[in-house]
Structure formats: C-alpha cells, structure tokens
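Work through the exercises below with the sequence and the 3D structure open. Each task is followed by a solution in steps.

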Amino acid sequence: MRLTVLGCAGSFPGPDSAASGYLVQADDADGRTWTVLLDLGNGALGALQRFGDPRRLDAIGLSHLHADHVADLAVLNVLRRYHPSGPCPPVPVHGPAGTAERLAQLAGHDPATSTDGQFDVAEWRAGVPVAVGPLLLEPVRVEHPIPTFGIRVSGPSDADPGRTVTLAYTGDTDACDGLDTLADGVDLLLSEAGFLEGREDAVRGVHLTGRRAGEAAARGRVGRLVLTHIPAWTDPALPHAEAAGVYAGPIDLAHPGGVHVL
C-alpha cells in the first residue's frame, strides 16, 4: 500500500502546496492497481494529474465538506465529464450526510456540470467498512464543527503482500475518542496539526496541535506519524517539535509529491 500526498496545506492553499488531497493505492493478487482518493481540496486536482490519473479512480472518500477538502471535486467532475475520450463511468464517492447537495452547490447547481453520472454518492456509516479491491476503508467519527470522519485504510503491504498494513487519516479533528480509535495500532497516522500550543489554546473542537497529534500517536503505538494540514503562516518545524516532545517514533512532515510506502 502506498500513500501519495497531493496537497497538505491547512485551511487554504499555500504558496507551495494545494489544500488537502491524498492518494492511497494498492495492488491486488492479479497485479491490478486500485486507487482511492481521500479528499480533494482547492488546487489538488492539478497535483492529481501529475501523480495519478483523475479518470482512473476506484473510489473517493471525503472526510468532511469544508472547501479545503472538497472544492476541486467540482472541477474533477468537469474533467471526467468532458474529456475528449468521452465521459468516465461514475466513481463511488463516500462522504458525510449532505455530500450530494454540497457537490451540486460547488458546481453552482449548473445542469451542464451536474455531478449526476460522474459521482455515485453514498453516505458513510460510522463503523461500517467499505471494500475497494484489496483496500478496506473504515470511517470513524471525529470532532470538528461540521460532521467529519477520519478514515482507516487497510490493505496489502508493498514489501510483503501477504501482510496487511493500516494507515489512518484523521481529517480535521480535535482530540477525541474517535481519534484514538483511528490511531490504535496503525502503521502510519496521517494527522492534521493545524493549531499550535500557546497560540490557539482557547479554540477547541476544531484542530489538533502537533502535541495532541503526537499524544494520540503515542497512545496508539503508531508506527510512523506524518503531520499535515499545517497552514502557510505556521513554521512546520514548530508542530514537528511539539509532536517529537511526546512521541518517540519517526515523524515526517507531509509535502506535495511525498510518497509513503507501507
């Protein structure tokens, strides 16, 4: 299983990165590569064209419906609908309640760019996994101002296809029981760290700090922590240092084009 970072900027695109977007890929026993897109925020479609194929997605999983996580689905729809080789078959899209209406809203409710026919939308049900080829997606409710799910993804290891590995993507969340469920025993925790200790202490229920992400990784005995969703006004070294103060395992900073092989 492989994770490719398309965009990792927090809350808005930064000068060096699009907003949130991640590809998870795994090969089945016949050698067929399955591709799941997790979120597609502002600007992330550009990177998807560089590091993947927007016309060959097997599923899309949405953590929540804020623009920095879903905005480019409107233009992904255009690419898939009007490509010179012809419209694509519909791709399954899994998201919170209201996803279909949100996608229509992003398209301006324009019948010419209707998401009908390109996106086959279904709502996550907490604790009910979704199989995509050799990958299993498990949605977990987390804490954010709007309905939000973190997503655990299990699949075959690249190094040893007979072994199952798991990554967890937090979406946007504060510390909560769902975060601990996501982190429990995973090989890689892709965790947002949008806030800093001492700067946004008064704002709770929105984002993690590097410290809170590190604490979750330590409690869950995570194999590797990857920090993402860091806004452009924050020096990434700061949340990294916060996490390193409470989690002894390896810590990476997400960057566009970064590939993590499990």
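The model is predicted, so local features need pLDDT of at least 70 and side-chain atom pairs count only at pLDDT 80 or more, while totals for chains, interfaces and linings use all residues. Residues are numbered from 1 along each chain as its sequence is written, and side-chain values use heavy atoms, with hydrogens and water left out.

**Exercise 1.** Find the aromatic pairs and classify the geometry of each.

Step 1. Apply the rule: rings of Phe, Tyr and Trp (its six-membered ring) pair if their centres lie within 6.5 Å; planes under 30 degrees apart are stacked, over 60 edge-to-face, and the rest tilted. The count is 2 aromatic pairs.

Step 2. Phe12 and Trp233 are 5.2 Å apart centre to centre with 55° between the planes, which makes a tilted pair. Phe12 is in the loop between strand E1 (2–7) and strand E2 (21–27), and Trp233 is in the loop between strand E12 (224–228) and helix H7 (237–244), so the pair ties together parts 221 residues apart in sequence. Helices (H or I, at least four residues) and strands (E, at least two) are DSSP runs numbered from the N terminus.

Step 3. Assign accessibility: buried is under 20% relative accessible area, exposed over 50%, and partly exposed in between (1.4 Å probe, protein chains only). Phe12, at 27%, is partly exposed, and Trp233, at 60%, is exposed.

Step 4. For Tyr22 and Tyr169 the ring centres are 5.0 Å apart and the planes lie at 55°, so this pair is tilted. Tyr22 belongs to strand E2 and Tyr169 to strand E10 (residues 164–169), 147 residues apart. Both Tyr22 and Tyr169 are buried.

**Exercise 2.** Which ring does Arg32 lie over?

Step 1. The criterion is NZ of Lys or CZ of Arg within 6 Å of the ring centre and within 35 degrees of the ring normal.

Step 2. Arg32 lies over the face of Trp34, 3.6 Å from the ring centre.

**Exercise 3.** How many salt bridges does the structure hold, and which parts of the chain does the Arg2 bridge tie together?

Step 1. A salt bridge is a side-chain nitrogen of Lys or Arg within 4 Å of a carboxyl oxygen of Asp or Glu. The whole structure holds 11 salt bridges.

Step 2. Arg2 and Asp27 form one at 3.4 Å, N to O. Arg2 is in strand E1 and Asp27 in strand E2, so the bridge ties parts 25 residues apart in sequence. Arg2 is buried at 17%, whereas Asp27 is partly exposed at 32%.

Step 3. Arg219 and Asp180 meet at 2.9 Å, N to O. Arg219 lies in helix H6 (residues 210–220) and Asp180 in helix H5 (residues 177–183), so parts 39 residues apart are tied together.

Step 4. Arg224 and Asp252 also meet at 2.9 Å, N to O. Arg224 lies in strand E12 and Asp252 in strand E13 (residues 251–253), so this bridge ties parts 28 residues apart. Salt bridges with shared partners join Asp174, Glu197, Arg204 and Arg212 into one network.

**Exercise 4.** Describe how helices H1 and H3 pack.

Step 1. Axes are lines fitted to C-alpha atoms, for helices over the stretch in contact, with angles from 0 to 180 degrees between N-to-C directions. Helix H1 (residues 44–51) and helix H3 (residues 73–82) pack at about 45°, with axes 9 Å apart.

Step 2. Angles under 35 degrees are roughly parallel, over 145 roughly antiparallel, 65 to 115 roughly perpendicular, and the rest oblique. H1 and H3 are therefore oblique to each other.

Step 3. With contact meaning heavy atoms within 4.5 Å, Leu45, Leu48 and Gln49 of H1 meet Val75, Leu76 and Leu79 of H3.
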